[in-house]
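User: I have a structure open and would like to go through some of the words used to describe it. Please set each value against its rule.

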Amino acid sequence: MNHILITGCRGQLGKCLKDLFEKNEAAFTYARVFYTDIEDLNIVSGTEVKRFLQAHEIGCIINTAAYTAVDMAETDKEAAFAVNADAVSILSKAAKESEALLVHISTDYVFDGLSRIPYRTTDPTHPLSIYGQSKMAGEIAMRASSCRGAIFRTSWLYSQYGKNFVKTILQKAGKEQVSRVVDDQTGAPTWATDLARAIFAYLACSNLHDRFRVFHYANEGQTTWYGFAKAITRIANLSHEIIPVPTTAYPTPAPRPAFSLFDLSETKNALKIHIPKWENSLTACLNEMKQDINKTR
């Protein structure tokens with residue numbers, strides 16, 4: 001029986017996937033799930049990856065490992081491309097050779113943000129930053145390998161784990177009176193738990209595993225970072241003022257896409273799933289973070 005390999009298991013999505021698999025052990029046919037991070041498996045080493053797949057009879061790889069320091073990538077291009085592109089190429093070729101399924105996570109940063117209608121999976125990509133370029137290179141490598149599997153592009157990922165925008169706002173609420181947050185970048189937050197559920201749904205759809213596919217996944221609806229921050233403090237019942245500012249007020253080394261909404265219709269139709277509204281998922285996530293919220297009061 002084939003097993004599953006999850007890379008980047010100490011990241012937000014990796015931890016949410018682990019939670020999901022451990023709660024649903026009887027719901028999938030894979031015998032075992034291997035959770036790895038850089039200390040356990042160097043995915044930039046083709047030799048290590050091939051040896052691991054063979055030794056553990058891996059039938060599915062879920063690659064959540066990524067270089068996500070968007071601004072640092074502008075001066076750390078080699079490291080960003082090593083993890084976001086070279087490693088994906090290695091995993092893709094290994095998956096093709098071993099006939100394993102590969103699920104890879106990509107980003108809204110592969111688009112330039114100049115659209116004013118939600119991006120479809122077939123729309124042209126045009127990344128503005130080194131980070132976006134490295135993620136795009138990973139997508140290209142996976143396509144070129146001809147392996148079976150799927151890319152899930154996502155946006156504004158947050159969770160009860162790790163470092164993310166939700167935790168940043170909660171921390172600021174406990175230390176400062178005011179936060180100034182950008183209000184001219186539009187997108188949709190994604191609770192990592194919901195994305196994990198979508199990946200789980202894809203694994204259950206064996207009819208979709210015959211070829212390479214791309215899915216867009218974010219929670220339903222749209223907002224700005226300012227609107228997101230306001231919702232966090234409102235739902236958490238925190239008295240913390242959020243002031244809207246333009247992107248120009250916070251210049252960053254890496255440009256951000258001003259618009260990164262996804263067209264979710266293909267994902268919903270193919271996976272036969274309901275995608276929750278972002279406010280509802282934020283509420284659910286904050287309910288799991290009550291201890292963190294209480295520390296800010």
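User: How do you know whether the radius of gyration of the protein agrees with that of a compact globule?

Analyst: This is a predicted model, and the value is computed from it. A compact globule with 297 residues would have a radius of gyration near 19 Å. The protein has 19 Å, so the two agree. Along the principal axes, the C-alpha atoms fill a box of roughly 55 × 40 × 40 Å. The chain forms 10 helices and 12 strands.

User: What makes S145 count as buried or exposed?

Analyst: The cut-off for buried is under 20% relative accessible area. S145 has 12% relative accessibility, so S145 counts as buried. S145 belongs to helix α4, which covers residues 130-145. Beyond its neighbours within four places in sequence, S145 is in contact with S92, K93 and K96. Its side chain also reaches the backbone oxygen of M142, at 2.8 Å.

User: E139 is in helix α4 too. Why is E139 called buried?

Analyst: Its relative accessible area is 0%. Buried means under 20%, so E139 is buried.

User: What makes the pair E139 and R153 a polar contact?

Analyst: A polar contact needs a pair of N or O atoms within 3.5 Å. The side chains of E139 and R153 make such a contact at 2.7 Å. Leaving out residues up to four places away in sequence, E139 touches S106, V110, I151 and R153.

User: Why is K172 called partly exposed?

Analyst: Partly exposed lies between the two cut-offs, under 20% for buried and over 50% for exposed. K172 has a relative accessible area of 31%, and therefore K172 is partly exposed. The residue lies in helix α5, residues 165-175. Not counting residues up to four places away in sequence, K172 touches S179 and H240. K172 and H240 are 68 residues apart along the chain, and their C-alpha atoms are separated by 8.4 Å.

User: Which residues does Y226 contact, leaving aside its neighbours within four places in sequence?

Analyst: They are V181, V182, D183, I242, I243 and P244. Y226 itself is in helix α7, residues 225-235. P244 is 18 residues away from Y226 along the chain, with 5.8 Å between the C-alpha atoms.

User: What share of the contacts in the protein between residues at least 6 apart in sequence join residues at least 24 apart?

Analyst: The share is 84%.

User: What makes E99 count as exposed?

Analyst: Exposed means over 50% relative accessible area. E99 has 65% relative accessibility, so E99 counts as exposed. It sits in the loop between α3 (77-98) and β4 (101-107). Phi of E99 is near 60 degrees, a positive value in a residue other than glycine.

User: How do you know that K272 is exposed?

Analyst: The cut-off is again over 50%. At 70% relative accessibility, K272 therefore counts as exposed. K272 is placed in the loop between α8 (265-271) and α9 (278-287). Its phi is near 55 degrees, which is positive in a residue other than glycine.

User: How many of the 297 residues count as buried, as a percentage?

Analyst: For the protein, 56% count as buried. The protein exposes about 13,800 Å², and carbon and sulfur atoms supply 49% of that area.

User: How far apart are the mean positions of the positive and negative charges?

Analyst: They are 3 Å apart, for 33 positive and 31 negative charges.

Key. Residues are numbered from 1 along each chain as its sequence is written. This is a predicted model: local features need pLDDT of at least 70, side-chain atom pairs count only at pLDDT 80 or more; totals for chains, interfaces and linings use all residues. Side-chain values use heavy atoms; hydrogens and water are left out. Helices (H or I, at least four residues) and strands (E, at least two) are DSSP runs, numbered from the N terminus. The radius of gyration is taken over C-alpha atoms; the globule rule is 2.2 Å times the number of residues to the power 0.38. Buried means under 20% relative accessible area, exposed over 50%, partly exposed in between (1.4 Å probe, protein chains only). Contact means heavy atoms within 4.5 Å. Accessible areas come from the Shrake-Rupley method with a 1.4 Å probe; for residues, only the protein chains shown count as cover. Lys and Arg count as positive and Asp and Glu as negative; His and the chain ends are not counted. The place of a charge is taken as NZ of Lys, CZ of Arg, CG of Asp or CD of Glu. A polar contact is a pair of N or O atoms within 3.5 Å; within protein, one must be able to donate a hydrogen and the other to accept it, and residues adjacent in sequence count only if both atoms are side-chain atoms.
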